[in-house]
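Biologist: Let us take this model by question and answer. Please end each reply on the value or name I ask for.

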Amino acid sequence: MTESKENIRTYLIGVGRQMVESKGMEYLTARKLSEASGCSVGTIYNQFSNMDNLIAAINLQTLKQLYDKMSQIETSKNAYKNLNTYLDIFVGYVLQNENLWFLLYNYHLRAAKQPQGYRAMIIRMMQLWQPSFDAIYTHLNARKKKVARQVLWLSLFAMSSFLTTTIINDFRMVTKKNLCKLMLNTYLAGLAVLKRG
């Protein structure tokens, strides 16, 4: 193979991503990636050192895709509507990419530290929500707004794991589409009540 190292790396990420999308994260092993890509196991480890690094690269691509979708919305003067639109894009993306999101979520749970670029992507996503969030909660100082935004993001991220499972199917009144929406709007309303309290 005479391709550059970067081309091989990009190719392997793409093949690995397709494997996860179609068959789930359990299917992504070095041997199966070697069979699917035509690259040797040695080449795979030469590119990524270990499978965790490959998974991190796939996950970073997933976060970038989600960011790109969120960054395309046209915001309105209605801050609540904007936040709900961001949420709809977030939930829609997770539901359309359940296997990729499951890979990302599970990797986060067991990673000793987040790979380079993860934190930056998450901060960029939170920054998209920030103007609308800050427009609603003008009574909070900058530090409290930042903490409230981080709690919101962490809560939505935690709830997103349920979107990739069938657990919700046991609850007739809760759907994958309304779970996060109810949490978001209850949280926003709660912050408004705290203002009065």
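Biologist: How do the residues of the lining of the second largest pocket divide into nonpolar, polar and charged?
Modeller: This is a predicted model, in which local features need pLDDT of at least 70, side-chain atom pairs count only at pLDDT 80 or more, and totals for chains, interfaces and linings use all residues. Residues are numbered from 1 along each chain as its sequence is written, and side-chain values use heavy atoms, with hydrogens and water left out. Ala, Val, Leu, Ile, Met, Phe, Trp, Tyr, Cys and Pro count as nonpolar, Asp, Glu, Lys and Arg as charged, and the others, Gly among them, as polar. The lining of the second largest pocket then divides into seven nonpolar, five polar and two charged residues.

Biologist: What space lies in the second largest pocket, and which residues are closest to its centre?
Modeller: On a 1 Å grid over the protein atoms alone, a pocket is an open set of points with protein on both sides within 12 Å along at least five of seven lines, a cavity is a set where a 1.4 Å probe fits but cannot get out, and lining residues have an atom within 4 Å of a point. Grid points are joined across faces, edges and corners, and a volume is the space filled by probe spheres set on the points. The second largest pocket holds about 280 Å³. Of its 14 lining residues, the closest to the centre are Arg9, Ala56, Ala57, Leu60 and Gln116.

Biologist: Which helix supplies the largest share of the lining of the second largest pocket?
Modeller: Helices are DSSP runs (H or I, at least four residues), as are strands (E, at least two), numbered from the N terminus. Two or more lining residues of the second largest pocket come from each of helix 1, helix 3 and helix 4 (51-71). The largest share, six residues, comes from helix 4.

Biologist: And which helix gives the largest share of the lining of the largest pocket?
Modeller: The largest pocket has about 390 Å³ of space. Among its 15 lining residues, Arg119, Ile122, Ile123, Met126 and Gln150 lie nearest the centre. At least two lining residues come from each of helix 7 and helix 8, and the largest share, seven residues, is from helix 7.

Biologist: What is the volume of the largest cavity?
Modeller: The count is one cavity of 30 Å³ or more. Its lining consists of Met126, Trp129, Arg149, Leu152, Trp153 and Leu156, with helix 7 (118-136) and helix 8 (142-163) each giving two or more residues. By class these are five nonpolar, no polar and one charged. The volume of the largest cavity is about 60 Å³.

Biologist: How many residues apart are Trp101 and Phe157?
Modeller: The structure holds eight aromatic pairs. Trp101 belongs to helix 6 (residues 98-110) and Phe157 to helix 8, and the two are apart by 56 residues.

Biologist: The ring of which residue has the charged end of Arg124 over it?
Modeller: A charge sits over a ring if NZ of Lys or CZ of Arg is within 6 Å of the ring centre and within 35 degrees of the ring normal. The charged end of Arg124 is 4.2 Å from the centre of the ring of Tyr67.

Biologist: What span should helix 1 have?
Modeller: Helix 1 (residues 5-23) has 19 residues, and its end C-alpha atoms are 27 Å apart. The expected span is 1.5 Å times one less than the number of residues. The two values agree, because that rule also gives 27 Å.

Biologist: Is Asn46 buried or exposed?
Modeller: Asn46 lies in helix 3 (residues 41-48). Its C-alpha atom is 9.6 Å from that of Arg9, 37 residues away along the chain. At 53% relative accessibility, Asn46 counts as exposed.

Methods: Rings of Phe, Tyr and Trp (its six-membered ring) pair if their centres lie within 6.5 Å; planes under 30 degrees apart count as stacked, over 60 as edge-to-face and the rest as tilted. Buried means under 20% relative accessible area, exposed over 50%, partly exposed in between (1.4 Å probe, protein chains only).
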